[in-house]
Amino acid sequence: MSVTFEIIVSVLIVVGAAFTLIGSFGLIRLPDFMIRLHSPTKATTLGVGALLCASIMYFFNDQGLLSINELMITLFLFLTAPISAHFMARAHLHEHCRNPRQELPPLPEQGGWSIFEDNDSQAADQQSVSQQSTNL
Amino acid sequence: MIIGYALDIAFFAIALALLLNVWRLLAGPTMMDRVLAADTMVINTIALIIVFGMRQETTQYFESALLFAMFGFTSTVAYCRFVLRGDIIE
């Protein structure tokens, strides 16, 4: 194993571990849940991705096989991290946000937030749809 | 040689990250904080398994890492669904 290769793999390992630690430190340090949601779902996923890249390179050099398992883990983590973050944000809003019009930022277009049953915006949407159908 | 030192640093950093996650899991003010801490612990455990596999120089641990990833995602979705709908399977 050449020295440059060892240095590349070591740098990937250290960077991945550092990003994992930074993500977990942000979980402690940041003030609010919606802010706190960012650090594990982004920094930690990036750190695990760097560790998996290091592992792929290490085993490709060590045993001469390109394992498909690491690629599957990487793909699975990078696909599921935004989905679970979206689910957690939805559950948090469902649990803690009582007045969505006052607490949440205003939306640029018509229509409400998708978790809240916003009757006004639904009625407006239905009106616009019916207007379009009459125009057609 | 250099990789051995890098793996030591990685073990230390990931163990510290798991301790911080346990802190948030115990101290988290809301329920979703605890769910987020559990999800992060699963991801950190995957990182620990990968580093341990590189230390042992075997590829047999990747199946367990894949299982951890799948079960972590499923459990997070199940918790959030329980909070959102009051039931997991309707």
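Student: How many residues of chain A are in contact with chain B, and how many of chain B with chain A?

Tutor: In this predicted model, 45 residues of chain A are in contact with 44 residues of chain B. On the side of chain A that touches chain B, α1 (3–29), α2 (33–36), α3 (38–63) and α4 (68–96) of chain A each supply at least two residues.

Student: Which classes do the residues on that side of chain A divide into?

Tutor: The side of chain A that touches chain B is made up of 25 nonpolar, 14 polar and 6 charged residues.

Student: How do I read the way α1(A) and α1(B) lie, as roughly parallel or roughly antiparallel?

Tutor: The general idea is to look at the angle between the two N-to-C directions, where a value under 35 degrees counts as roughly parallel. Here the axes of α1(A) and helix α1 (residues 2–27) of chain B come within 8 Å and cross at roughly 10°, and therefore these two helices are roughly parallel to each other. The contact of α1(A) with α1(B) holds 22 nonpolar, 4 polar and 2 charged residues.

Student: Where in chain A is confidence lowest, and where is it highest?

Tutor: Within chain A, helix α6 (residues 119–135) has the lowest confidence, at a mean of 56, whereas α1(A) has the highest, at 92. Chain A as a whole averages a pLDDT of 81, with 77% of the residues scoring at least 70, while chain B averages a pLDDT of 90, with 100% of the residues scoring at least 70.

Student: What ipTM and pTM does the model score?

Tutor: The model scores an ipTM of 0.89 and a pTM of 0.83.

Terms used:
Residues numbered from 1 in each chain as written. Chains lettered and ligands numbered in written order. Predicted model: local features only at pLDDT ≥ 70, side-chain atom pairs only at ≥ 80, totals over all residues. Contact = placed C-beta atoms within 7 Å. Helix = DSSP H or I, 4+ residues; strand = E, 2+ residues; numbered from the N terminus. Nonpolar A, V, L, I, M, F, W, Y, C, P; charged D, E, K, R; others polar. pLDDT = per-residue confidence, 0-100. Axes fitted to C-alpha atoms, helices over the stretch in contact; angles between N-to-C directions. Parallel < 35°, antiparallel > 145°, perpendicular 65-115°, else oblique.
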